[in-house]
Amino acid sequence: METTDDTLYMKQYVNQHPDNKMAWYLLGKQYMLRGMDAKANYCFLQSGEIYDAYERKRHPLAEQPQEMLQHWNKRQQRKRLVRRVAGLAAVFLLFVLLMPSNTERVETVTDDAIAMQPVAPPIGVVLVKLGDRGPIGSAWNGILAWPEQPKLALAVRLEEEDGWRKWTGTKRILMSVNREEGSSAMNVRMHDSAACNCQPADSSVAKKELDNWAEEQELRWTLASAIYQYNRMYGGWPQKLEQLTRSYPYNVLSGDTPEMRVMFSAVLAAVKADREEKDSGKGQVDGKGQEQTAMFVPGTEAVHKQWRQPLQIVVDKATHRLAVVSGDIIVRSYPVGLGGDETPEGSFYISEKVRNPNGKKDGPFGSRGMTLSNTLYAIHGTDEPDSIGLDKSLGCIRMGKADVEELFDLVPLGTAVTIKNGTLPSKAAAPAERFKLEPQANESNPAKVYRWLN
């Protein structure tokens, strides 16, 4: 059953968008669940043909005169008129206060200034947790809080296990909200019968949009994490993307993509803003006690407060899994080979990333290697694929070829690594497509003979 908060959120939305018949219908359903039949019937009458379509019958009061309905409409019209007058008055007052005097210089609006103005993003996503008893209300709370409304907003629930949310698992779309071009009106569609207690609408279009957004989000995670690590290691900010994709040993990123080049400036600005927020003492901490850091979509900072942590690596000795995580979201999870008690538990970081260790892509260390905190321990490939899932190394973390190459591209230099005993789910779905960057520099180190504890 939905909570009272859901009703409040929907009521707020209906007040702002009185012409949205789907919103009236959903509000009526929530009133029905709470036993408030009179209010429910009023909402159903406002929803018109939406009620007929979803209930497969006409409302019993549809043909009767409704003085209350007329009274309500008049009252809403008066409220809207008052709000408009108040808004115009505020705009006029602001114009008077900001209007330059005869002696003041009028600033010219440049192309750069225009580019800095907020732009409505094409899509925004709100993640709703499985334990949320009011998923629709929580989704509306997030959507209505955005300073710039996206053209499409999606409320999504990820597959969950043992307190973790699985990025590559099942994604259930609960609701989609389309904003009409040049209008404040929103078209609401419910896509999950359990969340709305209704006949769900087709979600095929929303699913395609979500898949496209998810691919871009992975690029944002990696790029923002790289910018964060660059600042942590070098004490400054990269002025261009090429500073992140230099040759070994300064290869913070193992390459880039055309999409990364487009989003670089906006993501850089967002990470800078988040660093300033942290330094001012206003930074947020999640439920796991970890510092949150920006993972934003350009122009939609408030939309992505849920993506605020840099990518980290967690290794679980009990399940022989290595996961790339952001907060409580498992972005990737791979089976690994370990060394039992020889593999140390604790906190590390990736201090070195090298392509084809010792000049070989099929040697004992495979095609990729990542040193942990300048020790002899490393995450690397292996020429013994049958050892994955077992304790056969001298302490290093072995990975399959495709897995270690994807990890090498996904996480930047400086990424935190935590090795524990018992923390991750034992299985995870494989991604539909591997994450891959386009190499831009030489990441090999032929002058060194690596002697990791393999």
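Colleague: Of the 454 residues of the chain, what percentage count as buried?

Modeller: Of the 454 residues, 47% count as buried, where buried means under 20% relative accessible area, exposed means over 50%, and partly exposed lies in between, with a 1.4 Å probe and protein chains only. This is a predicted model, in which local features need pLDDT of at least 70 and side-chain atom pairs count only at pLDDT 80 or more, while totals for chains, interfaces and linings use all residues. Residues are numbered from 1 along each chain as its sequence is written, and side-chain values use heavy atoms, with hydrogens and water left out.

Colleague: How many helices and strands does the chain have?

Modeller: Helices (H or I, at least four residues) and strands (E, at least two) are DSSP runs numbered from the N terminus, and on that basis the chain has eleven helices and twelve strands.

Colleague: Lys166 lies in strand β3; is Lys166 buried or exposed, and what does it touch?

Modeller: Lys166, within the strand spanning residues 164-179, counts as buried because its relative accessibility is 8%. Contact means heavy atoms within 4.5 Å, and, not counting residues up to four places away in sequence, Lys166 touches Leu158, Glu159, Glu161, Ile330, Pro425 and Lys427. A polar contact is a pair of N or O atoms within 3.5 Å, where within protein one must be able to donate a hydrogen and the other to accept it, and residues adjacent in sequence count only if both atoms are side-chain atoms; here a polar atom of the Lys166 side chain lies 3.5 Å from the backbone oxygen of Lys427. The C-alpha atoms of Lys166 and Ser333 are separated by 9.1 Å, although the two residues are 167 apart along the chain.

Colleague: Which residues of the largest nonpolar core touch the most other members?

Modeller: A nonpolar core is a set of buried Ala, Val, Leu, Ile, Met, Phe, Trp, Tyr and Cys residues joined through side-chain atoms within 4.5 Å. The largest one has 57 residues, and Leu223, Leu244, Leu322 and Leu407 touch the most other members; helix α9, residues 204-234, supplies the largest share, eleven residues. A second, separate core of 34 residues includes Tyr13, Val14, Val188 and Ala195.

Colleague: With which residues is Leu407 in contact, leaving aside its neighbours within four places in sequence?

Modeller: Leu407 is in contact with Ile313, Leu322, Val324, Tyr334, Met370, Ile379 and Met399. Leu407 is also among the buried residues of α11, a helix covering residues 401-410 in which seven of the ten residues are buried.

Colleague: Where is Thr382, and which backbone nitrogen does its side chain reach?

Modeller: Thr382 is in the loop between β10 (378-380) and β11 (397-398), and it counts as buried because its relative accessibility is 17%. Its side chain reaches the backbone nitrogen of Glu384 at 2.9 Å, and among the residues that Thr382 touches beyond four places in sequence are Gly363, Phe365, Arg398 and Met399.
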